[in-house]
Amino acid sequence: MRTGVECSGNKYRQYALVTDNTINATLYGALFYNNAGSDYNIIAGNFIKVDGLSSGVGIAVRESKNSVSGNYEVAWNHEIRVVDGTAGIELLNVASPQVRCNVIKLDEGDEQAISSTGISVLGCSFANITQNSVTGYTRSNTSRVGLSCQVSTSCQIGCNSVDSTGYGFHFGSSNLFTNFRGNKMKSHLEGLHLNSTAVIDTQTHAGNQWLGNYSPWYGAVNMNAIFQSDVLKSLFLVDPSLGSTYNPTFPINLGPPPFPPPYVDNSGWFEPDLNMPTYSCPDSTTCYQSEYVGDEGSPSLLAMIALDSLLSVDYIEETQSIAQLMLYERLMRDTGLTGSDIVFQNFLNNESVLFNLYQTKFEPSGVW
């Protein structure tokens with residue numbers, strides 16, 4: 001098939017759940033668009049393979065503007081495998097998407113794709129991209145990228161792992177208020193690449209790790225370096241005592257030809273700053289152990305929602321509220337699950353706001 005799942009036109013009081021599927025497609029594993037105003041759209045716990053077209057995308061989420069969109073969550077997908085396609089996960093003009101705990105693999109076919117990216121973020125606001133794993137097959141081809149973020153604001157990109165792509169992380173144009181922390185860059189030509197117009201703001205003791213051998217090239221390159229003031233718009237404050245893992249090699253005083261490429265001077269980009277705590281990601285071993293059962297998840301996951309527990313390092317309040325409303329609706333129609341745990345019973349008995357929302361949503365019509 002060309003497209004596994006397509007969802008469009010989800011509006012107020014509507015939602016979509018795409019969970020626990022095995023999808024094999026040539027163009028889109030899942031395609032979501034024009035769902036602004038919907039309660040939530042969750043794509044989770046799936047096995048997706050896209051193979052056959054150079055424009056193929058594992059999961060594509062596209063909206064017309066990033067001020068209001070469809071409350072998207074892409075999480076715990078066991079494997080998103082893309083063979084010579086465009087992207088594993090693509091986000092275009094999406095507001096506050098939650099993308100976490102996904103395993104993405106970029107596979108080599110006939111090398112027909114012009115470019116291939118594990119996670120592509122373009123024109124988004126407040127994107128939360130955390131604890132994802134992207135693996136490719138080459139460190140020399142810079143058209144293969146682990147995670148790309150362009151023209152997006154206030155994005156949190158944390159605790160992701162990228163391996164075996166030309167660029168590990170790629171930033172383009174203005175990405176103001178980016179929070180780039182706790183990411184691991186393994187085997188790449190460049191672990192971090194900023195293009196000639198990229199700005200990501202200051203990253204203070206963010207705990208990013210460069211784990212590969214980047215010789216004879218560089219762990220990080222900032223091409224926006226005509227003036228040092230441009231370099232400092234994306235300043236990194238790091239503790240030099242932590243060694244090369246947290247202090248990558250970067251080009252200094254290379255200037256224009258006849259100096260060797262990349263012909264930029266990134267002096268001052270990574271500024272030493274001792275005796276400050278460095279960010280460290282929490283234990284993420286449970287990230288890929290959360291299996292989805294039925295529509296809304298395993299009992300242990302549901303109990304975490306009922307107890308208002310954090311599901312990840314950056315599980316924000318808005319998404320927690322969506323998950324709790326989803327859980328309330330399920331418990332109201334699943335008495336067996338409700339009676340299985342005192343946590344669920346207490347949750348139903350003490351959530352008057354969710355009860356009122358439930359009545360407003362379903363009671364007048366009496367139908368689901």
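This is a predicted model: local features need pLDDT of at least 70, side-chain atom pairs count only at pLDDT 80 or more; totals for chains, interfaces and linings use all residues.
Residues are numbered from 1 along each chain as its sequence is written, and side-chain values use heavy atoms, with hydrogens and water left out.

Let us begin with the strands. The protein has six helices and 27 strands; these are DSSP runs numbered from the N terminus, with helices being H or I of at least four residues and strands E of at least two. Strands count as paired if DSSP finds at least two bridges between them. Four bridges join β3 to β6 (residues 47-51) in the parallel sense.

Another open sheet, also parallel, has three strands in the order β23-β26-β27. Here β23 (203-204) and β27 (270-272) are the edge strands, each pairing on one side only. Three bridges link β26 (residues 236-238) with β27, and Leu237 has Glu271 as its bridge partner in β27.

Next, look inside. Of the 368 residues, 53% count as buried, meaning under 20% relative accessible area with a 1.4 Å probe and protein chains only (exposed is over 50%, partly exposed in between). A nonpolar core is a set of buried Ala, Val, Leu, Ile, Met, Phe, Trp, Tyr and Cys residues joined through side-chain atoms within 4.5 Å. The largest one has 55 residues, and Phe171 and Leu192 have the most contacts inside it. A second, separate core of 10 residues includes Tyr328, Leu331, Leu337 and Tyr358.

Contact means heavy atoms within 4.5 Å. Leaving aside neighbours within four places in sequence, Leu192 is in contact with residues including Phe169, Phe171, Trp210 and Trp269. Across the protein, residues 24 or more positions apart account for 74% of the contacts with a separation of 6 or more.

Finally, visit Ser164, in the loop between β18 (161-163) and β19 (167-172). Ser164 is buried, with a relative accessible area of 18%. Not counting residues up to four places away in sequence, Ser164 touches Gly136, Tyr137, Thr138, Ser187 and His188.
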